[in-house]
Amino acid sequence: MTQSVPLYIGGEFIQSKTNQWIDVTNPATNEVIAKLPCASTDEMSNAVDDAKRAFNEWKNVAISERARVMLRYQHLLKEHHDELAQLLSHETGKILLDAKGDVWRGIEVVEQAANIASNMMGETVENVATDIDSYSLIQPLGVCSGITPFNFPAMIPLWMFPLAIAAGNSFILKPSEQVPLTSIRLAQLFEQAGAPKGVLQIVHGAKEQVDYLLSHPDIRTVSFVGSVPVAEYIYHTGTLHNKRVQAFAGAKNHMVIMPDANKNQVISNLVGASVGAAGQRCMAISVAVFVGDSKQWIDDLCQEMALMKPGAWDDEQAAYGPLISRAAKQRVLRLISEGKAQGAECLLDGSDCRVDGFPEGNWVGPTLFRSVTADMSIYQQEIFGPVLICLEVDTLEEAIELINQNPYGNGTSIFTSSGGAARKYQHEIQVGQVGVNVPIPVPLPFFSFTGWRGSFYGDLHAYGKQAVRFYTETKTVTARWFDDDIPTGPNLTIQLK
Ligand code: NAD
């Protein structure tokens, strides 16, 4: 029998009483693997009320005790790493190696959450006036919320709730309706780590449930990761309801290839960064910008890309898995045919891709275009599939100008053996995460995930110190104590005994 995904409300995994359900499918077969409830208004309201109750107790728990919950959680996640990766593979179709990476990058954030006290230290200035000191306290906000996408079912929820909760908040998570199972397992392990009932709640659904969170007066923050139109909507609607919002959106990430770069490194990194995880990574390289003579490497790149075969999650020969849904596949195929119609040269076409034993899977083979221009839809839109497009320019300056005109600013990289070129690039490029001979420069969690421009709406980014600022408020105390009030004489001696 198909399982129905539980809600996690009030510290209990409960079956929803809703009459609205969504099918969760395995992308390699399109079989229904679970039924997902769209939480009813009463269930949403219970989640918020209980999160509020939990916050009032949790905020007073000693910070070292809150940190210890994260230490135990980190340990449990490591112990269950492979099991989580398999579950995640099942619902996303990711090959096991990618799924393990997804879990691992989440664990690294939990490690940072265990270090919460050092990120919640205020500042002190003595004698701001005679006998008066000022100091700041960093305090949690209350009920925080998170809305997550399909492509990293472990990592992205773990970007959010561990830091928010370690900082003393409670948290309501609405995972992607396409991949809800990993979140439930993450919550079970969190409870096992000693998290008190109610500090984490999980509700399921789609727009209606998100709208409930966006407009509820008791919710203080909204963390969102997903596509551009939804990010824009979440940011505008959330801020209209006076919430602090951080919304991470889509991307078009360029790799600049200088003619002095190491050719073998360029080719192998470009292939992995573009078609790896079926291109369904917000930091995937989807545009290669060849500077000068480096364009001569495109034929070799094509040969390497052609060797990349998609397959099922446990196929050790597979380079990547299927796209998440039939709709996602149709969208990618439409963009490939638009690229051809608009005059780009398709060197490798993965539109008609089959995988033995999985006739119904959402497969797309590696696809490579050259002679692409900036007005084509394959350049302007995020494709989110195993498709790499190549542009050619004469100089580094031209490459920088092209990329700075693109509306997105999530990630980029330059491959070169020149320190001067690398430094000019990192200094002038209007993109928030830059790799130098590193194709996918996702910062480790002691930094923050700093997408810019059209890839991010808000001010404070995910994880690292910025996330702790996002989930907290600063209170400044100015205190004056009077010498006259200091006890003196025999009474003091008695008290001190
Ligand atoms: P999506 O925008 O379709 O869905 C994300 C979340 O929003 C889901 O939980 C979904 O239920 C909810 N949602 C969908 N439509 C909504 C609506 N109309 N109103 C309110 N909520 C709605 O994104 P996706 O397809 O799950 O994820 C892929 C996208 O996420 C890509 O564009 C990718 O670039 C982006 N992404 C960005 C980052 C980043 O850090 N910048 C990281 C991962 C993914």
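This is a predicted model: local features need pLDDT of at least 70, side-chain atom pairs count only at pLDDT 80 or more; totals for chains, interfaces and linings use all residues.
Residues are numbered from 1 along each chain as its sequence is written, and side-chain values use heavy atoms, with hydrogens and water left out.

**Domains**
- Domain 1 covers 3-250 + 451-478, and domain 2 covers 253-407 + 411-436; such bounds come from an automatic or database domain assignment.
- Taken over C-alpha atoms, the centres of domain 1 and domain 2 are 31 Å apart.

**Where the domains meet**
- Contact here means heavy atoms within 4.5 Å, and it links 23 residues of domain 1 with 32 residues of domain 2.
- About 2,200 Å² is buried between domain 1 and domain 2, with carbon and sulfur atoms giving 56% of that area. Buried area is the accessible area (1.4 Å probe) that two parts lose on being put together, summed over both.
- Asn30, Ile95 and Arg453 supply 26% of the area that domain 1 buries against domain 2, more than any other three residues.
- Between domain 1 and domain 2 there are zero salt bridges (a side-chain nitrogen of Lys or Arg within 4 Å of a carboxyl oxygen of Asp or Glu).
- Across this interface, 12 residue pairs are in polar contact, both residues being at pLDDT 80 or more. A polar contact is a pair of N or O atoms within 3.5 Å; within protein, one must be able to donate a hydrogen and the other to accept it, and residues adjacent in sequence count only if both atoms are side-chain atoms.

**Around the ligand**
- There are 27 residues around the ligand, and Thr148, Glu177, Ser227, Ala249 and Glu382 come nearest; a residue counts if one of its heavy atoms lies within 4 Å.
- A ligand oxygen atom lies 2.8 Å from a backbone N or O atom of Thr148.
- The side chain of Ser227 has an N or O atom 2.6 Å from an oxygen atom of the ligand.
- At Ala249, a polar backbone atom is 2.7 Å from a nitrogen atom of the ligand.

**Salt bridges**
- The count comes to 22 salt bridges.
- One of them joins the side chains of Glu360 and Arg326 (3.2 Å, N to O).
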